[in-house]
Amino acid sequence: MVVQSLAHTNNASFTRHRAGAQVASTRLGVLPGGRPGPLVHLAWLECYMNVSGGPTANLMKFFNLTPDRLLVVHDELDLPTHQLRLKFGGGEGGHNGLRSISQSLGTKNYARLRVGIGRPPGRMDTADFVLSDFPRAQATDWQITVGTAADVVEDIVTTDFASAQQRLHTEHH
C-alpha cells in the first residue's frame, strides 16, 4: 500500500518486471533548491512473502544496487497498530519475508520501515490475520498511516536514513 501510494503521488505507473515484481521508477521528493529528488525504483512483489528474497535479490542485481540502498516496507505484528518504526539491520523477529530477503542477499544490513499492525484479535490465526484485508471501518486510519509511511520513505531518500529515523521516532511517540 505504501509503495502504491508513492507511485500514485508521483504519477509513476507499475510495469511487470521479469524478477516477479511490479516496478515503477520515479524521482521521489524535492531536494534543497527545488531540484527533483533521487531516482528510486518502487517495487511490490508478486510472490508470497516468505519467498520474497529471490525476487528482491534479482531486482537489486538488475538495478545494480547494494543492500545498503534497499528499504523494505513490511507489516509488523510486534508494533501497535499504525505505529511506524525505522530499523537498519538486525534480526528478522520471526518475519519470514525478512528472513528470505536476508538469506538471498547474504546480509541483514538493509533498512526496514516497520508498519505496526498489532496482534490478531482473540484466537484468530496469525497467518489469517496478516493475509486478511483491513476492516472497512479502519480505512481512513490506514490511509493516514500509509500516507505517513510514504512521507517517511520520501524523507529517507531526500535526506538520509539516520535523520529520517530521528525525526520519525521523535515526532511519533
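A residue is called buried here when its relative accessible area is under 20%, and exposed when that area is over 50%. The model is a predicted one.

Start with helix α1, residues 2-9, and select V2, V3, L6 and A7, which are its buried residues. Turn the view to look down the axis of α1: these buried residues fall within an arc of 135°, so they line one face of the helix. On the face turned away from that buried side, select H8 and T9, which are exposed.

Next, show what covers the buried residues of α1: the cover includes strands β2 (21-27), β3 (39-45) and β4 (71-76), along with helix α5 (139-158). Then step past the end of α1 to N11, where phi is positive, near 50°.

Now move to the aromatic rings; the whole structure has 3 aromatic pairs. Select F62 and F63: this pair is edge-to-face, with 4.9 Å centre to centre and 90° between the planes. F62 is partly exposed at 43% relative accessibility, and F63 is also partly exposed, at 22%.

Go on to F88 and F161, whose ring centres are 6.0 Å apart with planes at 70°, so this pair is edge-to-face as well. It links distant parts of the chain: F88 is in strand β5 (residues 84-88) and F161 in helix α6 (residues 161-171), 73 residues apart. F88 is partly exposed, at 41% relative accessible area, whereas F161 counts as buried at 19%.

Finish at Y110: R112 lies over the face of its ring, 4.3 Å from the ring centre.

Terms used. Residues numbered from 1 in each chain as written. Predicted model: local features only at pLDDT ≥ 70, side-chain atom pairs only at ≥ 80, totals over all residues. Heavy atoms only, no water. Buried < 20%, exposed > 50% of the residue type's maximum accessible area, 1.4 Å probe, protein only. Helix = DSSP H or I, 4+ residues; strand = E, 2+ residues; numbered from the N terminus. Arc of directions from axis to C-beta. Contact = heavy atoms within 4.5 Å. Phe/Tyr/Trp six-rings, centres within 6.5 Å; stacked < 30°, edge-to-face > 60°. Lys NZ or Arg CZ within 6 Å of the ring centre and 35° of its normal.
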